[in-house]
Amino acid sequence: MPHVEVELPVAAAPEDAWPVVVDVLGYPDCMDSVDSVELVEQPDERHRTTAWSVRLQGSVLRWVEAEVIDHAARRFDFEQLTGDLGEFAGHWAVRAAPGGGSTVALHVDFDIGIPLLAEMLNPVAADALRDSAAQMLDALERRMTRPRPTTLEGAAR
């Protein structure tokens, strides 16, 4: 099964980066490739189910995933419950970087779900997923490091 890892050092401290990473409902606001993320259910602070619609290389992929969130470890694991791929699972994580800042990581294991074409399509899909993940991480970094409005600016809006 193909495995994709993308990591990005960011200037934001882990405690500032984590809330942005775990806020998947905000991804469509900052990522061009993410059309929608909807909360299906959230029985408690550690578990939620979300429905995704993402554009990847001209195709729209849709899936529903279960997420297990570990705020203390700044990591959340996800696994596709239903959707367009045969398998799709992985995790997002934020860890302190040496010298300050953070490293934000996305690790994904997937299978396109078409056994006869897997040998040909999985490498292409892995490259596309790697590119998309890098763009997602760049978008998250911009969101993490943008200036926050001051109290006066926020009151004026």
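Trainee: Why is Thr49 called buried?

Mentor: Thr49 has a relative accessible area of 10%, and buried means under 20%, exposed over 50% and partly exposed in between, with a 1.4 Å probe and protein chains only, so Thr49 counts as buried. The model is predicted, so local features need pLDDT of at least 70 and side-chain atom pairs pLDDT 80 or more, while totals for chains, interfaces and linings use all residues. Residues are numbered from 1 along each chain as its sequence is written, and side-chain values use heavy atoms, leaving out hydrogens and water.

Trainee: Which residues does Thr49 touch, not counting those up to four places away in sequence?

Mentor: They are Glu38, Leu39, Val40, Glu41, Val64, Glu65 and Leu81. Contact means heavy atoms within 4.5 Å.

Trainee: What makes the pair of Tyr27 and Trp52 edge-to-face?

Mentor: The structure holds 6 aromatic pairs. In this one the ring centres are 5.8 Å apart and the planes stand at 75 degrees. Rings of Phe, Tyr and Trp (its six-membered ring) pair if their centres lie within 6.5 Å; planes under 30 degrees apart are stacked, over 60 edge-to-face, and the rest tilted. The pair is therefore edge-to-face.

Trainee: How do you know that Arg48 lies over the face of Phe76?

Mentor: Arg48 is at 5.4 Å from the ring centre. A charge sits over a ring if NZ of Lys or CZ of Arg is within 6 Å of the ring centre and within 35 degrees of the ring normal. Arg48 is listed as lying over the face of Phe76.
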